[in-house]
Amino acid sequence: MTPSTPRLVAVWVPDWPLVALAFEAYECRRLGVPWEIAPDPALSPVAIIGGRGVVAAASAPARASGVATGMSGRVARALCPALATIPSRPDREVRGFEAVMEALGTLLADPFVARPGLALSIAHGPAAGAVAEAAGAECQVGIADSMLGAVLAARKGVIVPPGETFEFLSSWPLEVILAAVPTPRLRQEARRVLETCVRLGLYSLGDLAALPARDVVARFGSTGALLHELASGASPQVLRMKRPKIDLAVEKSLDPPVSRTDAAAFAARAAAEELSARLMACGLAAGR
């Protein structure tokens, strides 16, 4: 580490899909609009079911019954018959986290979203407690010399002293590295690499970091290079999500209402083309 090496602050909201659900419920009640009724996650066992039918987040009562993130929804319901399962809504999670980002923007320099529920920024000045208070949601803050170090420090709620990030990372189990892999596609590729690493006898971040980088790259390519950099406490380039200044939305009023799907699809296509044009004007593009 050198004096000019930037330190990163990570702001992590545990079980963000459940928090986003609570935010949506509160906003609906405030506006007096109907909302899909669900049990209170603070009092009842509730789980958000994400892609591939696995648990993306679980409330404290659900965890007390043995429900854990990553397990299948069927196993979770077998462990907890009273479990209420709610499908994941990425749009709700992204929209809710935007409010958190606006609050963090008052204290952090150019914060960026690693994924909904996790934001990072160059650490300049503000105390961790002030950042946590500004987020508007119960969160944990960590500071370290690298992206993965900051993310894991946030899980512990600690500040890693300068120059000690490598030692902080070395004992963590290998699978925690996925917490700093930014996209679903990369995480899928990284899981395959990690499965091979475990078969080779590598169980911790320190085990992976101890290997020569060139050997990891020769065996696993660019994905291996990324994982090796993360495990070593380096700060690889991360994906920064550009955020428009205002919400970009389009609306098409169907009056009188249409009764045929092809007519609805035609109206939707026109709206989609308008939204695409607005995104392009902001230097953005739809990825899905």
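Reader: At about what angle to E7 does helix H6 run?

Author: This is a predicted model in which local features need pLDDT of at least 70 and side-chain atom pairs pLDDT 80 or more, while totals for chains, interfaces and linings use all residues. Residues are numbered from 1 along each chain, and side-chain values use heavy atoms, without hydrogens or water. Helices (H or I, at least four residues) and strands (E, at least two) are DSSP runs numbered from the N terminus, and angles, from 0 to 180 degrees, lie between N-to-C directions of lines fitted to C-alpha atoms, for helices over the stretch in contact (heavy atoms within 4.5 Å). H6 lies across E1, E5, E6 and E7, and its angle to E7 is about 145°.

Reader: Which strands are the edges of the open sheet?

Author: The sheet has the order E5-E6-E1-E7 with antiparallel pairing, where pairing takes at least two DSSP bridges between two strands. Four bridges join E5 to E6, and the strands that pair on one side only are E5 and E7.

Reader: At roughly what angle do the axes of H1 and H4 cross?

Author: Trp-16 and Phe-23 of H1 and Phe-97 of H4 are among the residues making this contact. H1 is roughly perpendicular to H4 (65 to 115 degrees), because their axes, which come within 9 Å, cross at roughly 80°.

Terms used
Parallel < 35°, antiparallel > 145°, perpendicular 65-115°, else oblique.
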